[in-house]
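User: Could you take a close look at a single part of this model for me, and walk me through what its side chains are up to?

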Amino acid sequence: MRVNMTVNGRPQQTDDVWEGESLLYVLRERLGLPGSKNACEQGECGSCTVRLDGMPVCACLVAAGQAEGREVVTVEGLPEYAERRTAHEAGTAGAGGSALAPVQQAFIDAGAVQCGFCTPGLLVAADELLERRPDPSDADIREALSGNLCRCTGYEKILDAVRLAAARTSTAGEAS
């Protein structure tokens with residue numbers, strides 16, 4: 001079967017997709033987007049989290065055919081997605097060229113990245129949270145990230161990173 005979808009703001013077409021092929025496989029192996037990680041293949045770890053029409057989903061559990069005609073945002077697309085969102089909210093055209101989304105930079109600055117395997121899923125989940133709730137409580141952050149497992153950290157630096165991204169985003173919004 002042929003699957004047409006928008007991935008990271010660009011139309012994509014994939015041919016010869018078999019019925020049981022996952023969205024994760026299509027993204028990684030057919031479209032060359034290795035950011036979403038293949039870990040448990042059961043939707044338990046969150047390493048493959050992407051946004052499907054704005055909602056975070058485990059790409060390993062989504063049949064590729066379910067993405068037909070839909071928008072997918074992977075960790076690779078977060079900078080452009082964040083820029084489009086910010087430009088839309090401000091009523092302007094995006095300037096283009098942001099190297100990292102605010103949440104990505106916050107993870108680096110807070111030292112929330114260790115081995116990096118869980119990081120793409122955490123980033124996508126955190127980005128969705130911050131879009132939905134720009135000033136999240138700690139309980140909100142914990143709930144939004146509850147589907148993402150990290151074996152390297154005690155999660156505190158990850159929580160710090162989301163708090164930092166929220167603070168920077170709200171400060172940037174006030175400056176507009």
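Analyst: **Around helix α1**

Let's start with R30, which counts as partly exposed at 34% relative accessibility (buried means under 20% relative accessible area, exposed over 50%, partly exposed in between, with a 1.4 Å probe and protein chains only). Keep in mind that this is a predicted model, where local features need pLDDT of at least 70 and side-chain atom pairs count only at pLDDT 80 or more, while totals for chains, interfaces and linings use all residues. Residues are numbered from 1 along each chain as its sequence is written, and side-chain values use heavy atoms, with hydrogens and water left out.

R30 sits in a salt bridge with E21, at 2.4 Å from N to O (the rule is a side-chain nitrogen of Lys or Arg within 4 Å of a carboxyl oxygen of Asp or Glu).

Now the helix itself: α1 covers residues 23-30, and its buried residues are L23, L24, V26 and L27 (helices are DSSP runs of H or I with at least four residues, strands are runs of E with at least two, and both are numbered from the N terminus). An α-helix has 3.6 residues a turn, so residues three or four places apart point the same way. The buried residues of α1 pack against β1 (3-7), β2 (10-14), β3 and β5 (71-73) (contact here is heavy atoms within 4.5 Å). Past the helix comes G32, with a positive phi near 70 degrees.

Ahead of α1, D15 lies in the loop between β2 and the helix, and R2 in the segment before β1, so this pair, 13 residues apart, links distant parts of the chain.

One of the strands packed against α1 is β3. Running over residues 49-52, β3 pairs in the antiparallel sense with β4 (residues 55-58) over 4 bridges (pairing takes at least two DSSP bridges between the strands). T49 stands opposite C58 in β4. With 2 residues between the strands, the hairpin has D53 at a positive phi near 50 degrees.

And C48? This residue is buried, with a relative accessible area of 3%. Its sulfur is 3.7 Å from the closest cysteine sulfur, in C60, too far for a bond (a disulfide needs two cysteine sulfur atoms within 2.5 Å). By that rule the disulfide count comes to 0.
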